[in-house]
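Here is a short tour of one part of a structure. Keep the sequence and the 3D view side by side as you read.

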Amino acid sequence: MKFTFDRNSMINEISIAQEIISTKSNVSILSNVLFIAQNNTLTIKATDIKVNFETKIPVSIEEEGSTTVFCDKFLGILSGLDEGEIEFFLQQRENQTIAIIRHLTKKIKFQLKCTSQDKFPEFPVAEDVPFFDVPSKEIKKMINQTSFAVSADETRYFMNGVYFEKKENKLVLVATDGRRLSYASKEFAEGISDFPSAIVHPKVLNVVAKHLSDEGNVSIAIVDKMIFFRFENYELSSTLIDGQFPNYMRVIPENQLYNFKVQKNELVESLKRTAIMVDKKAGRIFFTICPGVLKLTSQESDSGDAEVEIPCEYAGEETTIAMNYRYIEEPLRVMNTERITFEFSGEMKAVTLLSEPAEDYFHIIMPMQMA
């Protein structure tokens, strides 16, 4: 096996592979990346068993072949090399396969032990699978609006992913941890194929969203307890989370009695200041809404407390609601809007957080006890 490649092209792909692989796995092969050099194309594969990654890059092949190398070390080698053409070839030494990696124009050479590809897991193949295309920009936005809200409680595994559903002609994504819920939906002019509702691991979604451009489409298929994504030269797949997702519609208020509106940047800065004095374990912040004024207050503690006031648009009676500051802060990071609307019906009823003007997503937050 012998080929040459462009250092910058390779480092981009290996960086993504490193996001996928399991460095803590007891199965050492899962810390490796698989190379298949054939027809002047290098196929690169990485997996942690649940999430699979495959990409192809053009290379100049002198001798075809395949092997696996420790991904973390290979990425470190690439980072230590200057830009330009790099040569990769295998040598046998005392029943051990060694990869020689050297710069073609500079006297820099690394040697890296290889492992046979025989034990590298087989990937599921997406043949005769009904893919549907959606704009990359829109699905990236939907993932970003929901994936942070999944539960980290592994005993409630059915909440450990983002729920995908086709509802009428819309694609719907929902995530919840039982105390908050994030919802995004979009109707696409081209339509989407029917697919079984599915709970998708956030890891594969976050990798997809991170590397999608704002141009073009991504192809998606959900079938046989798997989800597949195809875009540019990438194919990612993941097993689905088995289980029954909660009936999220029961959590979404049909009508809210009151609302107030604030400037997003003012709210973000106020949360940062108030959070300095918040008990990080409890996370409780009091929102006191008066006509024209929103007051944020931390709970009194041995260290002290904080109070910040900002203008708001509100015409009702004074109301105080206690909420977890993280449940406000996290959706604000992904809401690309200048103004925010809070809708509510009482101090212990679900609060709806929306962009102003409203878009195809919203966030539901359950209030905390006042004391």
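This is a predicted model: local features need pLDDT of at least 70, side-chain atom pairs count only at pLDDT 80 or more; totals for chains, interfaces and linings use all residues.

Strand 19 (residues 284–290) and strand 20 (residues 293–298) run antiparallel, joined by six bridges.

Four strands build it, in the order 21-20-19-22, and the pairing is antiparallel. Strand 21 (307–311) and strand 22 (319–324) stand at the edges. Each has a single partner strand, so one side of each is left without a neighbour in the sheet. On average, neighbouring strands of this sheet are turned by 20 degrees against each other, direction ignored.

**Helix 6**

Now look for helix 6. This helix lies across strand 19 and strand 22, and runs at about 75 degrees to strand 22. Helix 6 covers residues 325–334, and its buried residues are Tyr325, Tyr327, Ile328, Glu330, Pro331 and Leu332. What caps the N-terminal end of helix 6? Asparagine 324 does, with a side-chain oxygen 2.9 Å from the backbone nitrogen of arginine 326.

**Helix 5 and serine 270**

Helix 5 spans residues 264–275 and holds serine 270. Is serine 270 buried or exposed? Its relative accessibility is 1%, and the cut-off for buried is under 20%, so serine 270 counts as buried. Which residues does serine 270 touch, leaving aside its neighbours within four places in sequence? The contacts are Leu296, Val308 and Ile310.

**Strands 18, 23 and 24**

Two further pairings involve strand 23. Strand 18 (residues 258–263) pairs with strand 23 (residues 339–344) in the antiparallel sense. In that pairing, glutamine 263 stands opposite arginine 339 in strand 23. Strand 23 also pairs with strand 24 (residues 351–356), again in the antiparallel sense. There, glutamate 343 has threonine 352 of strand 24 as its bridge partner. Strand 23 and strand 24 form a hairpin, with six residues between them.

| Strand | Partner strand | Bridges |
|---|---|---|
| Strand 18 (residues 258–263) | Strand 23 (residues 339–344) | six bridges |
| Strand 19 (residues 284–290) | Strand 20 (residues 293–298) | six bridges |
| Strand 23 | Strand 24 (residues 351–356) | five bridges |

Terms used. Residues are numbered from 1 along each chain as its sequence is written. Side-chain values use heavy atoms; hydrogens and water are left out. Helices (H or I, at least four residues) and strands (E, at least two) are DSSP runs, numbered from the N terminus. Buried means under 20% relative accessible area, exposed over 50%, partly exposed in between (1.4 Å probe, protein chains only). Contact means heavy atoms within 4.5 Å. Two strands pair if DSSP finds at least two bridges between them. A polar contact is a pair of N or O atoms within 3.5 Å; within protein, one must be able to donate a hydrogen and the other to accept it, and residues adjacent in sequence count only if both atoms are side-chain atoms. Axes are lines fitted to C-alpha atoms, for helices over the stretch in contact, and angles run from 0 to 180 degrees between N-to-C directions.
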